[in-house]
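Dear colleague,

Please find below the structure that I am handing over to you. My notes on what was found in it follow directly after.

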Amino acid sequence: MALRPFNAPGARLALRTKRASPRFDGARGDSEVVLDVSRLLSRAFHPAPTGIDRVEYVYARELLERMPHRLSFAAVHPAGGYYGRLSNAAVRQFLAFTAAKWRNARSDAGGEGKAAVIRHMFATRPRPVPKAKGPRLYLQVSPHHLDDAGQVGAILRAEGARLVTLVHDVIPLSHPEYARPQGAEEHRRRVRTIDRYATGIIGNSQATIDALAPHLGAGLDGRVVRVAHFGADAPDIFGARDESLPKRPYFVYISTIEPRKNHLLLLTIWRRLVEDMGDAAPVLVLVGRRGWENENVIDILERADILRGHVIEAGEVSDNRMQALVANARAMLMPSFAEGFGMPVVEALAAGVPVICSDIIAHREVGGDAPDYLDPLDGLGWMRAICAYAQADSPERAAQQARISVWRAPTWRDYFDIVTDLIEEVTASVP
């Protein structure tokens, strides 16, 4: 059944999803699931989340709803040692605090500041690992500490558990030129850890699984593997009614500013648009923090006077503001060279907002027939599309909105149905 788009466009948090299917009420399986929340704890002092942060958060909230009596939490201490078990009650409070912080993304963490973060961190202090009473699965959904195979092995031995892991992408291996220095080697160690220990693997797309397989010496055979697309549905919980927005037609790009995201293409196009159109040019809003090895892009953002007022570097913003920006944009732009999934594409489409994105496998897999796809090197094609979509009566934009109306958004309920099935299959394989 297709979902009706939710009323908070661009929402990136599923604080509560639909009730679990009755077949997942705990009647099946008796394994204990230990969810690693190292990533969330390590980023507790950051006001705004990354995509991976959000995914780990949604896992914690959804699994608490689906299997509260089977779920435990654990983490690696920010200093590096195994943190051990965490109190479920303390984790629930930490999740609620984190969601409130993300909604507003203020440096004072909702008026409580760093002291509040420290209180929540202290409440999640570790507890001894209990002896396993049955099959136990260790679920890791971020790359945090996967580059240390020795530590992962020690954790699994301490827990007496099998590893199930979520793979977001293998871009540092397939496109090492876009990774941080040493990023390819670090990711290679993560993949080796997965190859050595993972009994279950969740891919955020078939494109990710296909890219991962050649890097696994042991291959995919003998493992439980599932592809599950991240959900795009979330309740109307944020509001976002009073946010100030550009007065002119504008486009939005949500992404860390890093080489593979191809910001240089858009900045070059916008310079030409301003030269040709002056103040009649549309506005480009860039949402996301600055990344690495972006000297030329940063130079343009900081020193190209011609773009001032025409390109807005919004940086890390609250979820309220991000929703408002997406909801009122002429389109979401996504010209990246490589993606594991492309969450902004799915979220924009789910909110009924058109998408113009690069013609790459991951985008095609999740966007289907809805977006307009362009080669990420086709500058003139991108400029023509942007000019067309900027018009109030744009037939190109209207045509995509018609395609969006029949596009089915992936849901978190479907996602966790797949994850739960994988958990039960891995449990059944334990001797």
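A residue is called buried here when its relative accessible area is under 20%, exposed when that value is over 50%, and partly exposed in between (1.4 Å probe, protein chains only). The model is a predicted one: local features need pLDDT of at least 70 and side-chain atom pairs count only at pLDDT 80 or more, while totals for chains, interfaces and linings use all residues. Residues are numbered from 1 along each chain as its sequence is written, and side-chain values use heavy atoms, with hydrogens and water left out.

Overall composition

The chain contains 16 helices and 13 strands; these are DSSP runs numbered from the N terminus, with helices being H or I of at least four residues and strands E of at least two. Of the 431 residues in the chain, 57% are buried. The chain exposes about 18200 Å², and carbon and sulfur atoms supply 50% of that area, as computed by the Shrake-Rupley method with a 1.4 Å probe. Taking contacts (heavy atoms within 4.5 Å) between residues at least 6 apart in sequence, 77% join residues at least 24 apart.

Aromatic pairs

A pair of aromatic rings is described by the distance of the centres and the angle of the planes. Rings of Phe, Tyr and Trp (its six-membered ring) pair if their centres lie within 6.5 Å; planes under 30 degrees apart count as stacked, over 60 as edge-to-face and the rest as tilted. The structure holds eleven such pairs. One of them joins Y59 and Y415 edge-to-face, at 5.8 Å centre to centre and with 90 degrees between the planes. Because Y59 lies in helix α2 (residues 51-66) and Y415 in helix α16 (residues 412-429), this pair ties together parts that are 356 residues apart in sequence. Y59 has 0% relative accessibility and therefore counts as buried; Y415 is buried too, at 1%.

Y415 also pairs edge-to-face with W412, at 5.3 Å centre to centre and 75 degrees between the planes. These two residues are three apart in helix α16, so about one helical turn separates them. Both W412 and Y415 are buried. Y59, F230, F341, W412, Y415 and F416 form one aromatic cluster.

Charges over rings

A charge sits over a ring if NZ of Lys or CZ of Arg is within 6 Å of the ring centre and within 35 degrees of the ring normal. R180 lies over the face of W292, at 3.8 Å from the ring centre. The charged end of R364 sits over the ring of Y373, 3.9 Å from its centre.

Individual residues

D53 is found in helix α2 and, at 2% relative accessibility, counts as buried. Leaving aside residues up to four places away in sequence, D53 touches R39, L40, R43 and W102.

H145 lies in the loop between β4 (136-140) and α5 (149-159) and is buried at 8% relative accessibility. N262 lies in the loop between β8 (250-254) and α9 (263-277) and is buried, with a relative accessible area of 7%.

Cysteines

The structure holds zero disulfides, a disulfide being a pair of cysteine sulfur atoms within 2.5 Å. C357 is buried at 0% relative accessibility, whereas C387 is partly exposed at 28%.

Yours sincerely
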